[in-house]
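Hello,

Here is the structure I said I would pass on. My notes follow below it.

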Amino acid sequence: MNLGNLSVGLSTYLLVGAMLFCLGLYGVFAKRNIIAILMSLELMLNAVNINFVAFNRFLWNQKIDIHYILTGNVAALFVIVVAAAEIAVGLALVITIYRNRQSTNVDEFNWLKW
Amino acid sequence: MSSALPSGGSFLLPFILGAPLLAMFVIVFMPKDETKMIKIIAAMGTFVAMALSLFAFFAYDRSLGGMQFTLTIPWVPDLGVNLAFGVDGLSLPMLLLTNLIGFSSIYASWNMENRAKEFFVLLLILITGVMGTFIARDLFIFFLFYEIVVIPIYIMVIIWGSTKRVSKEYAGMKLTIYLLIGSAFLLVGMVALYLAAAKQGNPTFMFDQLAARQNLYSAPFQKAAFGLMLFGFGSLISMFPFHSWSPDGYAGAPTAVSMIHAGVLKKIGGYGLIRLGVYVLPLGAKYWAPVIAALAIANVLYAAFIALAQKDLKYVIGYSSVSHMGYVLIAIAALNPTSINGAVAMMFAHGVMSALIFSMIGFIYEKTHTRNIPDLGGLAHQMPRLAIGFIIGGMASLGLPSTVNFISEFTIFMGSIRVLPVQAILGIAGIIFTAVYTLRIIANVMFGPRRPEWDQLKDIRGPELVPLIVLGLVIFAAGIFPNILFGLVNSGVTSSGLQKVLETVSQAKMGGLF
Amino acid sequence: MFKEMHDLFQWAWLIPALPFLSFLLIAFVTKRSKGLSSTVSILAILTALGLAIAIGLGIIQSGAELVEHPVIVSANWLNIWGLKIDIGTVVDPLSGMMLFVVALVASMVQIYSLGYMQGDKGWSRYYAYQSLFAFSMLGMVLATNLLQLFIFWELVGLCSYLLIGFWYFKVSAREAAKKAFITTRVGDFGLLLGILFLYNKFETLDFTALSAALSTNLQNVAVVGTVGYVTVMAFLIFMGPMGKSGQFPLHVWLPDAMEGPTPVSALIHAATMVVAGVYLVAKMYFLFEASPVALQFVAGIGAFTAIFAASIAIAQDDIKRILAYSTLSQLGYMVFALGVGAYSASLFHLMTHAFFKALMFLGAGSVIHALHEKQNIWDMGGLWRKMPITGTTFFIGVLAISGVPPFAGFWSKDEILAGAFQNGHPIIYAVGLFTAFLTAFYMSRLFFVAFMGPEKPQNHPHESPLSMTIPLVILACFSAIGGLAALPEHNFSFFIHFGEFEPEAMNWGLAGISVVAGLLGIGFAYYIYVKEAIKAESIAARFPIVYRILNNKYYIDEVYLWLIHHIMDGLGKVLYFIDIYIVDGIINGIALLTRGSAKVLRRTGTGQLQTYAMVFFFAVVVIFMVFAFGEGQLSSLNPLAMLGGVK
Amino acid sequence: MGTIVFFIFAILAIAAASGVVTSRNIVHSAFYLALSFSGVAVLYVLMNADFLAAVQLLVYTGAVSIMVVFAVMLTLRGEVSDSNPENRKWGWGAFISVLLFAVIALVVLTNSDWRVLPSAWTSGGSAEDMSLLLLSQFMIPFEAAAVLLTVALAGAVILAKGVKENQ
């Protein structure tokens, strides 16, 4: 399945990934709602995945062999798996915290200081 | 050195190390109400260790010299770490000392009822750790055991300590932080030494290998590395500006910890300075010797004067031990075989003496619940045996002939007066002030009119007599027949190559005052 | 002859060993049984006395040969790199004489104590100490080298400490014991230094070897250094005797030492231990002789102590203190005798003094015992009638110390004075003569006030038991005839001398002068205290300041106390202050700094996860920038490269 | 044409992502998230990673977004239009993010030595290829991931179920 002449290069993909990552980062930094933070985290993971796949796609690999050529894709797959687990546990935690504290505002989550 | 000995290795030292450890494990699995049984097992463990180290003391071949009873097991071959044990004339007296004091300290805490199980477990760990530092032939193992020692001391001071001028929490914290700061500097020095020795490959931590590669260490490196070790070991041996942990720590610590700390733990500093400083970095030692000598004099006189002004018994002895360590430091600074002989013997002598006197103070405190000298007096009426122990300890402290302390001091003076006459004379002047404060506490605590408030006190008896008998016997046996101890120490000094190092170093300084 | 004796002399080590054995026995076995303890102790010392007499007779038979070739038995004691010490016994006339004197006085005192210490709680302890003392003293006498001598020297000091403080419940006794130990310790500091310097220079501490090394190298400046070095060593060595033998200014402990039981004062603080200093100087005489300055110093100190102590003694009221100052004065005599070169005379006086001073102390003890611990002579009076044996023997002692012929003191004192005069020390001779006068005066004063005169109705004295009077009688005999050892023709100095033996004819003129001085003293005392021709009070009233100064012992104790309490303790307090507020203060300051900065820095721990993440990422960005744009510098910081060469 | 498709979907993904982080309504954010995921899936397709694209759609767009919506529903309090506010430090966050992006962009754009393939290969990326690799080379991580998912499932259930107060 070839969709074109691929004039779009590696750097472009990397820039897209960086853009997504930084947006996610901003979300992690700036949002108050803990669910929004989790969403931003997912964005960052996606950005990383884009990098994985892009490097896998474009970079020179010494051994042109199926076993090595798809390593980046496999890594991305594992990231997706871990992300799924993470979001499941994370949301469960959010619900637990919400049940105990009646809040999803991370500004109020400072019980671990000092 | 070690290669000259038959291979195969002796398991004597691991057994000595293992005996208290085994007792510790047995105690761990005992019900905590069985305090009597716990004490007996602890005493058994340390007794086995003591008996075996006595055996080692007499089985050691003095004519052969060098490291004996060696055992080497490669541990981390990539880094050159070996589980290497062995003793020579420098470490065997220290090993014996550790076990003598360890055994006595069990009996000195015979009346311990508060959390006895935990106490004896920690005490046995402490004894094992101290022992390990002395039988290690590998710098890494040495350091490992040294770090093991710190943990039980902190816990023991915090839980079983006593609060006097400073709180026991403060005392424990001070003790621990000093030990750790010292060990931090030591660690840097150790790593630097290790890297310098591994410059041409074949990394090693073995003491003898490190010493054999002296030509790899440049003079500036030796100076810097010795400086680090001086700071580390110096704070351990309570060298002058780094001494203030010693009186506070002893005053806060329970009796057994005071005994072991003043008796042997402190000696790791002197032992390390000789074994690692003088032996491995002779040029550095020579460079720093004037500094050590000056600080040693400060130790001797300054601490002796402060001891005069103390009201708490343990503070007197705490400062006294700082003062006595000054002699060891003078001896190290003098850098000749005679004085190093004296330094090792002095560490042994002071260990026995201070352990004895601390155990006696422990009993006094246990019975009268005070250590304040003005509150005490005339205890010889009610507790003659305790008074005898106290007087023996005091006499040893002021260096009375027929106690081992006298010969040690004499040897130190003999060795140091050739090279450091002024410092030695000032140091010898210290014996006067030592006599003053020692006799003062003997007079004010033991003698004087009978005080009716102490009439119900019972003299020490039964197990409580063990520290007095064991340590008193050692003080006089080694004092009347000094060759028992000095023969061994001398074989260590002359056969380990140390002598050669010392001779070359002190060649330029020989000549003396006149 | 000499050969057979040699075998006997090899057993000399038994003499100190026996009392030591008895000490161990008493301490570990018989301490519960009073009778057994004293029996063991007395048996041991009597056997030792027997041996000492046997050896003494052997020495006399062997003749002067032993002076040049003493019999030495020794074994290695300490052997390490650069330090080799032997321990052993030396038998020569000097040690033989000392053995006899010490063993005799010790056995007399121990027998005497059977009566004197009757009923004391610490009976076994007392005899244990006595045995330990006998061991130490005899061991010191037999020492072959300086270190051995020093060891036993310190041990006798320990025994002195223990026995002065025997009644440890008395505050005064405990303080006196402490004072004695510390004061002698000051002297020992010098002695120890001297020993160290000597060993450093000559590589030996053996008396004979040292003497040989010194005499062969005396001209060789390269080895001995200058005479100055010898002088320094002699000074340092002499500090020991100054402490032990109570020479000015370290004399202060001896009068206080009278707090111990009186037999102890007789044994330790009159007859034996205090003369150890004289013995040491005699042993080291080759060193002192090599330095005229040191000898001058010794003579000066001795003469000053003699007259100084005698002047104090005339204003004291306590019977034991008078005797103590008298002892100081006589010790000064012996020391200046050594200083002026009257070597044999000094040791002769050591022997005779041991007899009559022990006698007088025991007599004083008998009096004190009879009067139930009264010691002020003005509380006594007319005791001769009630205590004839004590009174008579005491009178013999007084005559002996006053130098009345033919009693022992006359011979030895006369030899000393003659030595001082003939060796060209007229000032010292004059001082000695005046001291002899003072001695006679205060001893007669003591005797007349305590034993003559009216009885005091509140006293009910009675003669002491046999166990106390027999030693008195024996010692009185020795005090009476002991001086005859000088006859005929310097018999004593034939055996005990230094260098070449040069017999000198008795100078009867000088002897006459000293006898006159002694008799004058007795006469003055008689006029003042018996006839009361001149009231003693009126003399005191006429010179109130002099009397006060003398009575207060020149305020030397007060000066020392002030020095100790204000200077030494003050320094201690100042240093302690420095220690806890400056040295420790710096440490605590660092700790406080850490804590303070932690207090500030912990504000950054807001608990806000997002803040943490922001800081973290900011740092990441910075590091990233450094790595991305400044890689030239950073690639060299590769941690693995730093470990390069390890593997 | 690929370039056009790329830019369309790349801009879509980025715009949706900015919608996620800027929207003040958390429900809108969740939907923007799904949109962003879908855009990324198309990018995968453009990079020949068909299988990954499918997984992306299934897991992210299908499962994660929905779960987020559920979580929002379970925890929502108050006004929904103000359910996703910024905190006070959002300025700093923006600064650091922009800084990071600037640095990355600079590095990416200035770096010339990417060792890019002379001519891009075109095969691979199918489910078949991936499965071969997962079951041979990455066998153990694959199994570990399975265990992880199971544990996460159990953990999520336990956490969400909570502990009864009076037990």
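Please bear in mind that this is a predicted model. I start with the contact between chains A and D.

Chain A puts 67 residues into that contact and chain D puts in 80 residues. On the chain A side, the elements giving two or more residues are helix H1 (10-30), helix H2 (34-58), helix H3 (66-69) and helix H4 (71-101) of chain A. H4(A) has the largest share, 21 residues. By class, the side of chain A that touches chain D has 48 nonpolar, 13 polar and six charged residues.

Chain B meets chain C through 50 residues, in contact with 43 residues of chain C. Several helices of chain B each supply at least two residues to this side, among them helix H11 (282-308), helix H13 (337-368) and helix H17 (421-446). H17(B) gives the most, with 10 residues. The side of chain B that touches chain C divides into 32 nonpolar, 14 polar and four charged residues.

Within chain B, an unreviewed UniProt entry places the feature "domain: NADH:quinone oxidoreductase/Mrp antiporter transmembrane" at residues 136-426. Over residues 136-426 the chain is 79% helix and 0% strand, with its end C-alpha atoms 36 Å apart.

Helix H5 of chain B covers residues 139-160. At 1.5 Å a residue, its 22 residues should span 32 Å, and the end C-alpha atoms are 32 Å apart, so the two agree. Its buried residues include B:Phe140, B:Phe145, B:Tyr146, B:Pro152 and B:Trp160. The buried residues of H5(B) pack against elements of chain B including strand S2 (81-87), helix H4 (116-135) and helix H6 (168-197).

Regards

Conventions
Residues numbered from 1 in each chain as written. Chains lettered and ligands numbered in written order. Predicted model: local features only at pLDDT ≥ 70, side-chain atom pairs only at ≥ 80, totals over all residues. Helix = DSSP H or I, 4+ residues; strand = E, 2+ residues; numbered from the N terminus. Expected span 1.5 Å × (residues − 1). Buried ≥ 20, exposed ≤ 12 C-beta atoms within 10 Å, placed from the backbone. Contact = placed C-beta atoms within 7 Å. Nonpolar A, V, L, I, M, F, W, Y, C, P; charged D, E, K, R; others polar. UniProt positions renumbered as here; feature names shortened; annotations may be inferred.
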